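Okay, thanks for coming, everyone.

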Amino acid sequence: DGGGGGEGGEDGEAGSSPGDGGVEILYAAGVPPGEARTYDAVTHERLVVLFGGGKRSDVRAWGPIGLDYSSMAIDGFRQAAASIDGGVGSLTASQVGAVFSTAGNNLGEDEGAASQAASQAASPAVPEAVRSVQRAALERQLAGARTAGVPAILTLRPDFRRDLKAYLVAEGDLVAALAKASAPEAKLYLHAFAGRPGLVAELTRAHPGCFFGFSGLATHAKAWALQSEAAFECPRSRLLLESNAPLDPLGKDFKQQPPCVALPPNCDAGSTPRDIPAIAVAVAKARREDPSEVLAAATANAAALFRFEVKGLQAPAPPPLTRLPVAPRPRPPTAHR
């Protein structure tokens, strides 16, 4: 995460290749919403050079970028603002520019942006100051990805189940940003999807090049109703599976299964790539498909999105499961409000 992520050495050469043990490591670079205040003209230019210079062929996507309107993001803003003498309430325009790089006219915005951000930060509506900075960074990076011709990896938080009001605001802002700064044919990847199921169908119509990633969240009983409906709505050609390591470990029923891929000794990470076959089982259950078909489709989709070849790769066999929530019956699409 962060501008210049995966940039390697100063000479700009790749850090790994298929010759290193037969494994090719691919990278994404971008500034995530939690670090949006650091996104200035210098960072933007570094990313433009990274994607446009041709020196790093292993950097395949711009991201993760997006919106995070969760309470954690708001608390992060408060802590950053509190680091300036006087706290949030006494911030001047120039001080807000120090906390919010985008507010200090660093990205070519008008001089009133800093004053507006300062008044927002000094008011009780601090979350709006956070949102304005995240939106600016998102739109600039979407435009950058479009110009560079690379996929944009998107994040959308908070979880639909945890904070409905904040989620709906974030979703609306994300849809507006995509309409403004992206293009219908652009490649997008909404990773670790935890949103409103209806959004899958809506983005598929407006942005046919949008992929959706399902993580260990799909194996949790409390999230099953929403996750299974979203997985059912997702076209097979736009389906991806991911670990979102280490944030989305498998649900307890899945943890009882023997691991499909061995972990190093004493490794007790949250979620890991070994979880992918189990996630495929949950997604396949929602879609009324065979897990092997889901694994094959997700592998092919990832190869197409990130431009890599799959030579003789066989995905691990999905584990047998003794318990799994019952997927909801398919029903005609409805308007979600």
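Let's start with alanine 73: setting aside neighbours within four places in sequence, its contacts are Asp68 and Gln134, where contact means heavy atoms within 4.5 Å. Alanine 73 sits in helix 2, residues 71-82. Helices here are DSSP runs of H or I with at least four residues, strands are runs of E with at least two, and both are numbered from the N terminus. With 14% relative accessibility, alanine 73 counts as buried. For that label, buried is under 20% relative accessible area, exposed is over 50%, and partly exposed is in between, using a 1.4 Å probe and protein chains only.

Quick housekeeping. This is a predicted model, so local features need pLDDT of at least 70 and side-chain atom pairs count only at pLDDT 80 or more, while totals for chains, interfaces and linings use all residues. Residues are numbered from 1 along each chain as its sequence is written, and side-chain values use heavy atoms, with hydrogens and water left out.

Now the overall picture. The protein has 11 helices and six strands, and of its 337 residues, 48% are buried. If you take contacts with a separation of 6 or more, 74% of them are between residues 24 or more positions apart.

So what's in the middle? The largest nonpolar core has 58 residues, and the ones with the most contacts inside it are Leu142, Leu154, Leu190, Phe212, Phe214 and Leu241. Helix 10, residues 276-287, gives the largest share of this core, with eight residues. By nonpolar core I mean a set of buried Ala, Val, Leu, Ile, Met, Phe, Trp, Tyr and Cys residues joined through side-chain atoms within 4.5 Å. There's also a second, separate core of eight residues, with Ala61, Ile153, Tyr189 and Ala302 among them.

Which residues does phenylalanine 214 touch, leaving out those up to four places away in sequence? Among them are Phe193, Ala230, Ala231, Cys234, Leu241, Ile279 and Val283, and also Gln227 and Glu242.

Okay, helix packing. Two packed helices are described by the angle between their axes and the distance between the axes. The axes are lines fitted to C-alpha atoms, for helices over the stretch in contact, and the angles run from 0 to 180 degrees between N-to-C directions.

Helix 10 and helix 11, residues 291-306, have axes that come within 8 Å and cross at roughly 115°. That makes the pair roughly perpendicular; angles under 35 degrees count as roughly parallel, over 145 as roughly antiparallel, 65 to 115 as roughly perpendicular, and the rest as oblique. On the helix 10 side you have Ile276, Pro277, Ala280, Val281, Val283 and Ala284, meeting Pro291, Val294 and Leu295 of helix 11. That contact comes out as nine nonpolar residues, no polar and no charged. Here Ala, Val, Leu, Ile, Met, Phe, Trp, Tyr, Cys and Pro count as nonpolar, Asp, Glu, Lys and Arg as charged, and the others, Gly among them, as polar.

Helix 8 packs on helix 10 too, at about 70° with the axes 8 Å apart, so this pair is roughly perpendicular. Helix 8 brings Trp224, Ser228, Ala231 and Phe232, and helix 10 brings Ala282, Val283, Lys285, Ala286 and Arg287.

Over to helix 7, residues 197-206: its buried residues are Pro197, Gly198, Leu199, Val200, Ala201 and Leu203. Their cover includes strand 3, helix 6, strand 4, strand 5 and helix 8.

Where are the cis peptide bonds I'd like you to look at? One runs from glycine 63 to proline 64, with omega near 5°, and proline 64 is in strand 2, residues 59-68. Another joins alanine 245 and proline 246, with omega about -5°, and proline 246 is in the loop between strand 6 and helix 9. Leucine 250 is in that loop as well, and at 11% relative accessibility leucine 250 is buried.

Then there's arginine 288, with a positive phi near 60° in a residue other than glycine. Arginine 288 lies in the loop between helix 10 and helix 11 and is partly exposed at 45%. Arginine 307, in the segment after helix 11, has a positive phi near 60° too.
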